[in-house]
Each structure stands twice: as C-alpha cells, then as structure tokens.
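Welcome! Please take a moment to look over the sequence and the 3D structure below, and then read on for a short tour.

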Amino acid sequence: MLSPTVIVGLHGTFTPFPWFDRVAGRDDEDAEGSVEEDVLGSVVDRAGAYGWQTVSSWLTEDGKTTAAHEPTAWAHEEVGGDWTQDGKVHQLGWLQAGMLTDSPHPGLPLRPITLVLTETLTRVGAMTFTGVHAVLPLAVVERNTAFHQAELAPWFGLADPDARHEVVVTVSCRNGTDGRSGTGTGDAEAVCAAVREMAQETLDFSVSADSPGSGNKDAQPGLDLDLDGGVHTVGMREVLRWDCRTREWSPDIAVWLVEMVVEGLRRLGRSMPVAVTASLATPLSPRYGS
C-alpha cells in the first residue's frame, strides 16, 4: 500500500551566491535534471546528519547484506525548485515524501522538512522568503500536538514586541461526493479559537474579512498557489482564510502557523486532504543566507 503523501514547498525569490556556478558541477551539457534538483537533492544527506533516515540503504560485505536501514522520519520521494531570476515569487524548493504510518499516532514531519529545505537553499544563495505551503493527508493525522504547539509560544515570544508582519493563512480542499466542502460551518471560528489558545497571545489571529463566501471577488492577499497545477491539489479550492499579525517572519514561524491550523482541524475531526498556506500579505521579507 502506498504511503500517504506529504508535500512542503517554500516560496519567495532567490539569488545564488556569486561563487555558485563554479561549484555547481554542471559542465556536462547532457546531464539529466536541473541544477535545482541536483542541489536540493542534498536534503537527504542533510536530514541524515540530524538522524532523520529518509531513504532505504544497505551495507554490504563480500556481496552479502550486513545491515539494512529503512526510513524512520519520512520516505523521500521527489524534490525540486524554481530559481528563475526574474524578481518574481517562485516555489524555490519543494519536497514530496511518503508519510510513515507505522507509529501508533502518526504525526506530520513539516518542521524537519522545512528546516532541511531552508538550510539547503541558504547554503548556496540568499532567499527572500514569502510563504510556505503544505499538502497534507489529514485522515492519518492522529497525534495531538496542541501541547507541543503551546510549548513553542514562549520561543516565538522572544521577538521585538513592536515588530509587525501581516500574514495570511489559508486552507484549500476538494468538495465531497455530495458536492459540499470538506469543512463545516463554523470551522473558521473554531480553528481560530484553537490557534489563539495555543499561541498564547504571541500573535494576533482572526477570521479574514476576505474569507471564501464573503463576496469579495478581488485578488486576495497572500500566496497565489496554483492548485490545479499539481497532481495532489488539482480540484482543490480555498475554503478557509485567516489574517494574522506576528512579531517575526521566518520559515520557522510559518510552519508553526500551519501546524496549529492542522491541529485545529484535527480537533474538529476533519479528514480530507488539504493544502495549507502561510504567507506574507504583501511580498516583502527579510533575506536569509545573505
């Protein structure tokens, strides 16, 4: 049986360091794949450095297998990115993985995946981070992470209290077989209350006035995710939206927002596949790796 798929993508603009072309090792014009895939493929080794086994490996001696290692964190499937130098926001790095469901209460490896993607990108260039998206199989999310999310609140409270970053958080999903959304009436308010409880006043979080169904037909702020452009998101449409104000903006806090929203949906018993985004309302952000 195929493992449920998790996809995490980091969005923004990216400028490789001046020395990058000299070490990229792309002298062979017939080389397969892109330079982005070559570099981002190192996330496997980077994950291993943290003790996160993500691929199957074997040790052999005299033609015999002496040791075998199976994935313990997530099962790596694909990785890629778009570093087009046009000043526009692109999906700089993404990773698709199979979620391991052998544990009694499976959780989502969002934070470690985001960490190794961020470290790999900023190893070779300067990133202006504007948002993250995660495609997630809620049906297999069983672990209650509310306590762990609340534990992070003091960490994110260690930031300039006068700083303000306007952030948008969204959830998209497909309609059910009855043509109705996989979310229910009152979900936006219930998830909002759950996030506020876990965040412990380290950020402001509220249901957006531009939420789906508000009647606002204008272009919405936040990440413009091409849902129909991905195999795992085709047919999804935005169903929930919140406005958020944070003291910092980084991949770390973006993932925290996604994790808290997922925990809120888990509490409500929602089980549909979703795409969750956390992004700046306007595409301005500190540079990472500069």
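Helix α6 (residues 187–199) and helix α7 (residues 251–267) have axes that come within 9 Å and cross at roughly 125°. Axes here are lines fitted to C-alpha atoms, for helices over the stretch in contact, and angles run from 0 to 180 degrees between N-to-C directions. Helices (H or I, at least four residues) and strands (E, at least two) are DSSP runs, numbered from the N terminus.

This is a predicted model: local features need pLDDT of at least 70, side-chain atom pairs count only at pLDDT 80 or more, and totals for chains, interfaces and linings use all residues. Residues are numbered from 1 along each chain as its sequence is written, and side-chain values use heavy atoms, with hydrogens and water left out.

How are α6 and α7 set relative to each other? They are oblique, since angles under 35 degrees count as roughly parallel, over 145 as roughly antiparallel, 65 to 115 as roughly perpendicular and the rest as oblique.

The residues that meet, with contact meaning heavy atoms within 4.5 Å, are listed here.

| Helix | Residues in the contact |
|---|---|
| α6 (residues 187–199) | V191, A194, V195, E197, M198 and A199 |
| α7 (residues 251–267) | W256, M260, V261, E263, G264, L265 and R267 |

## The nonpolar cores

The largest nonpolar core has 67 residues, and L136, F205, W242 and V261 have the most contacts inside it. Such a core is a set of buried Ala, Val, Leu, Ile, Met, Phe, Trp, Tyr and Cys residues joined through side-chain atoms within 4.5 Å. Helix α7 supplies the largest share of this core, 10 residues. Not counting residues up to four places away in sequence, L136 touches V6, L108, L110, V258, V262, M272, P273, V274 and V276. There is also a second, separate core of 7 residues, which includes I7, V135, L227 and A275.

## A glycine in a strand

Now for G80, which is found in strand β4 (residues 75–80). Is G80 buried or exposed? With a relative accessible area of 3%, G80 is buried (under 20% relative accessible area; exposed is over 50%, partly exposed in between, with a 1.4 Å probe and protein chains only). Leaving aside neighbours within four places in sequence, G80 is in contact with E37, L40, L92, G93 and W94. The C-alpha atoms of G80 and L95 are separated by 6.8 Å, and these residues are 15 apart along the chain.

## The whole protein

The protein's secondary structure comes to 7 helices and 11 strands. Of its 290 residues, 44% count as buried.
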